[in-house]
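Open the model in your viewer and keep the selection tool ready. We will go from stop to stop.

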Amino acid sequence: MATGRLELCNRIRMEAEDIERTGFPLEVLPQAVQSVILDMATYENYKIEFIATAMLSAVSAALGGAYRIRIKGDWQSSGALYVILVGRPGLGKTPPLEAAYRPIRKRDYALFKVYETEMEAWKAAGENGKKPVLKHTVVSDFTPESLLLTHHNNPRSVVILVDEIMGMFNSANRYTNGQLIEQLLTAWSGGALDVTRVNSPVPVHIEHPCINIIGTTQTKRVHELLKKGFEENGLLDRILFVMPKSPKLSSWKNRDDDGERTSLAAIRWENILNKVLALDYDTEAEEKIPHVLSMDREAREYFFSWWNRKVERINRIEDDAEVDSREMKHPAHVARLALIIQVLRHASGESHLQFIDVSSVKAGIRLNDYFEESYTRIRSFVANDACEDPPKVLLSMLPDTFDTKTAITVGKERQCVSERTVMNYLKELCRSRLLRKSKAGHYEKIMYDKSGKSNESNDESSPRNCNG
């Protein structure tokens, strides 16, 4: 099917399915990928947001460190993403995740069979020579040491794929000095990773780690991330969240060709992802050197202009505590998404892989905007759970805008609490993003509409945090 005809078909299907209401910018993906997603949504009842994001993650894992993007000067990055799919029980988070990663799991299984054969031959030879090692990409149950050993044996990439990911984060503290979290923070930033243990004869060093994370969690558990210190150490800022606007399930339709259409869509996706897996490092070098793609002039100008508009607004903020640390990760996220889109367009036969063009940069910005809107909706969902009841009671007694003096008076007269307690309540409300400091000594309630969008995001010049 010609690209033009496929584009028209996709557009008609998206209008018929009212894809725009999801908020996910499906149109920025290659036409061939859009078609696969629409088929999987129709015949498997997958949420568009879940299957599309899982596919982006799978492309990143398949590409690994073979290709990188030059963001600015010497600043380069792989396409590694940390992703969490959020939804109520039964919304269908796991099936699209498994569907997106099935070609990579299939490849892992083939590598496992090779490993089995090599191990049998090694044992038959009296265990002489180099012992075979198992190479695979997907890990689910691991320790910090085994994670890096897996990455060492498979330098291209490793992906942490966990169905209920909060279990992993909750158990992270059992490792010495938060070792796993430190590894994840370092890997996301592109720093080298090392493991040296007494019981390990060979130290493990990974110069350019490429670790992806993708998992699922229920809406009622996502607030746990805020209580583990991950907001303070910056891990939360590195995670892209997806929570569909609609929590409703699609009704099942009895069609005779569901299985056939789903199988054909899966085959088309496997063909696309296999083309990404076939991309390799610079073969002219003795060691594995990644290809580094730069943005062309138009793409770079667009990218810089987009970020500089944010810089101008950020520079107007006088209090360091009021700078949104999450926003400072946007250039890296947009660049990584642009790299993934460029690779995906190439694998779909719809573009080249010589540089990052402006279409991929624009797609990266659109996707980043969607993930940030989704994050805002999640914050609105967990705001009440993240805040204790007494501060919320105080908030309900106050007008939409008020000053510190008013809050202290209301707190003393109606809750019988001290001035210090009122000030602590205000800090807690700000931390939970139910309140923000509009200026010194003045506060404003954060209002969320039905989609979860807040009045906080309507004014780019407004500070996002407050203290005292």
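Select L26, L29, I37, M55, Y101 and W269. Of the 79 residues in the largest nonpolar core, these touch the most other members. A nonpolar core is a set of buried Ala, Val, Leu, Ile, Met, Phe, Trp, Tyr and Cys residues joined through side-chain atoms within 4.5 Å. Buried means under 20% relative accessible area, with a 1.4 Å probe and protein chains only. Now colour helix 3, residues 48-63: with 12 residues, helix 3 gives the most to this core. Helices here are DSSP runs of H or I with at least four residues, strands are runs of E with at least two, and both are numbered from the N terminus.

This is a predicted model: local features need pLDDT of at least 70, side-chain atom pairs count only at pLDDT 80 or more, and totals for chains, interfaces and linings use all residues. Residues are numbered from 1 along each chain as its sequence is written, and side-chain values use heavy atoms, without hydrogens and water.

Zoom in on M55. Which residues does M55 touch, leaving out those up to four places away in sequence? They are V33, V36, I37, M40, A100 and W269. Contact means heavy atoms within 4.5 Å.

Next, select I84, M168, L226 and I239. They are among the 40 residues of another core, which lies apart from the largest one.

Three strands form an open sheet in the order 2-1-10, with mixed pairing. Two strands pair if DSSP finds at least two bridges between them. Strand 2 (75-77) and strand 10 (291-293) are the edges, and each pairs on one side only. Strand 1 (residues 67-72) pairs with strand 2 in the antiparallel sense, over three bridges.

Definitions and conventions:
Buried < 20%, exposed > 50% of the residue type's maximum accessible area, 1.4 Å probe, protein only.
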